[in-house]
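Here is a friendly briefing on one helix and a handful of charged pairs. Have the sequence and the 3D view open as you read.

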Amino acid sequence: TNEQVHLEPSQLREKHISSFQEEGKEKEKDTKSERLVDNFSNIYASDLLPARNGEELTDQFLLEVVEILLNYIKKTYDGNSKVLDFHHPHQLLEGLEGFSLELRDQPEPLEQILVDCRDALKYGVKTGHPRYFNQLSSGLDIVGLAGEWLSATANTNMFTYEIAPVFVVMEEILLKKMHEMVGWGEMETDGIFSPGGTISNLYSVLVARYKRFPEIKTKGMAALPHIALFVSEHSHYSVKKAAAVLGIGTDNVIAVKCDERGKMIPSDLEAKILKVKRQDHIPLYVCATAGTTVYGAFDPLDNIADICEKYGLWMHVDAAWGGGLLMSRKHSFKLNGIERANSVTWNPHKLMGVPLQCSAFLVCEKNLLQACNQMRAGYLFQPDKQYDTTYDTGDKTIQCGRHVDVFKLWLMWKAKGTRGFEILINKFLELAEYLYKELNSRENFELVFDAEPELTNVCFWYIPPNLRRIPNGPEREKLLHQVAPKIKARMIEEGMTMVSYQPHGDKVNFFRMIFSNPATRKSDVDFLLEEIERLGKDL
């Protein structure tokens with residue numbers, strides 16, 4: 001229209017949003033007036049589709065569920081609401097105000113099912129709340145949520161192209177994009193989405209062992225020499241778990257020393273490799289970390305790659321946490337050398353904010369996953385199908401059934417673009433820098449190590465006034481060790497924020513703050529620090 005021609009793009013967008021909101025209000029009124037069922041007390045699941053004439057009741061029931069979800073989402077983003085309404089396990093087991101977890105022989109009406117839906121959310125934790133800082137994965141992306149809903153509605157399995165054609169091709173496109181970002185664009189690569197970083201890291205040990213000793217698949221560990229894996233002191237425990245699961249043994253996972261910042265020391269790695277060789281054992285695999293769980297440290301990948309090439313070891317990079325920095329032109333240099341890895345773990349459900357769970361295992365060799373895991377189950381992987389059966393990805397996984405984890409990531413990437421993820425991730429690093437500076441300026445707080453954050457982890461102690469009077473020494477350390485747990489207990493009871501704590505090495509309990517939630521603002525950081533002071537000043 002002539003009016004639109006003279007409007008600026010931002011004004012046009014605001015006008016469009018305003019019009020859309022008015023239409024939405026009218027539709028909401030119409031929807032409420034059209035609802036035929038206000039009372040579900042005599043309606044049961046057996047009355048819904050595929051029951052005959054179940055369409056209307058199904059519509060009404062799902063509209064009620066959507067209303068519950070929308071109310072929860074609005075509360076999640078309300079900074080004045082609680083992060084959690086905490087109850088002890090025995091209270092949940094005994095039942096709360098009509099919310100019982102007990103299962104009965106007879107069906108319950110949909111009225112009770114709707115109450116249970118509300119209560120399950122009410123007594124849970126709002127992980128998308130702007131003041132939830134407890135885990136590496138937080139936030140609630142609306143487009144990602146829509147993707148999860150759609151995946152559940154499709155309710156298919158990722159093992160063959162014939163039952164998941166769109167999702168299987170999506171997975172290939174996402175893996176190709178991630179390979180390019182790692183730096184493998186011109187190489188013959190492969191990968192798979194798996195149920196979490198622990199399984200992705202397990203894949204890395206599995207394929208590294210098969211590459212060196214293919215006889216493992218048929219003859220087992222008895223046919224292999226004594227092998228050793230190398231990880232940093234600050235690495236994720238999942239590599240030790242993989243060693244236990246795969247029959248290698250946790251005693252054969254060698255911890256390499258780290259510097260004060262939490263980075264693997266290459267000279268100690270080389271010394272430990274040589275020690276293993278002198279024992280006539282086989283050094284097989286090194287797991288370097290790009291973004292450690294507690295400190296957020298990045299191992300020196302190029303130096304580690306040099307050592308792996310020198311001694312013929314498989315190099316895996318666990319970038320489950322820090323892989324998202326590859327989306328940022330400002331911060332991606334911290335992963336320099338990742339392109340030299342044989343395999344990579346990258347969890348978009350962490351720094352990129354994709355709803356749980358979404359983890360990718362990337363490997364720089366085509367067909368290795370297939371050779372390692374293939375069992376050729378005749379009822380699934382028939383070679384004479386009418387399409388290209390290389391798209392039947394199920395035979396290169398250790399699972400049979402596999403959940404659709406790719407659609408929500410694909411949909412978010414479409415909605416944000418690579419640049420949208422970059423803006424988000426840069427913001428998280430800015431918040432970490434803001435917290436770092438705030439902690440340096442407040443007398444009752446002390447940093448675990450005085451260095452600007454590389455990732456979004458910021459580790460610190462709160463020192464109550466009474467403790468500041470005690471000189472450094474074992475007695476002070478013993479008392480300081482009790483401070484974070486006591487504050488966290490009070491914090492959980494009040495429910496207004498959540499942050500994690502832990503000991504680490506020789507460090508007594510400290511708080512570990514992370515940023516991965518798009519809803520978090522500087523005011524939320526200020527609130528957390530003030531809340532810690534309020535809850536802990538009398539300790």
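The expected span is 1.5 Å times one less than the number of residues, and helices are DSSP runs of H or I with at least four residues, numbered from the N terminus. This is a predicted model, where local features need pLDDT of at least 70 and side-chain atom pairs count only at pLDDT 80 or more, while totals for chains, interfaces and linings use all residues. Residues are numbered from 1 along each chain as its sequence is written, and side-chain values use heavy atoms, leaving out hydrogens and water.

**Burial in helix 3**
- The buried residues (under 20% relative accessible area, 1.4 Å probe, protein chains only; exposed is over 50%, partly exposed in between) of helix 3 include Phe61, Val65, Ile68 and Tyr72.

**Salt bridges**
- The whole structure holds 26 salt bridges, each a side-chain nitrogen of Lys or Arg within 4 Å of a carboxyl oxygen of Asp or Glu.
- Glutamate 270 pairs with lysine 310 in a salt bridge, with closest N and O atoms 2.9 Å apart.
- This pair links helix 11 (residues 266-278) to helix 12 (residues 301-311), its partners being 40 residues apart.
- Glutamate 270 is partly exposed because its relative accessibility is 22%, whereas lysine 310, at 58%, is exposed.
- Arginine 442 forms a salt bridge with glutamate 438 (3.0 Å, N to O), and arginine 442 is buried at 19%.

How values were computed:
Helices (H or I, at least four residues) and strands (E, at least two) are DSSP runs, numbered from the N terminus.
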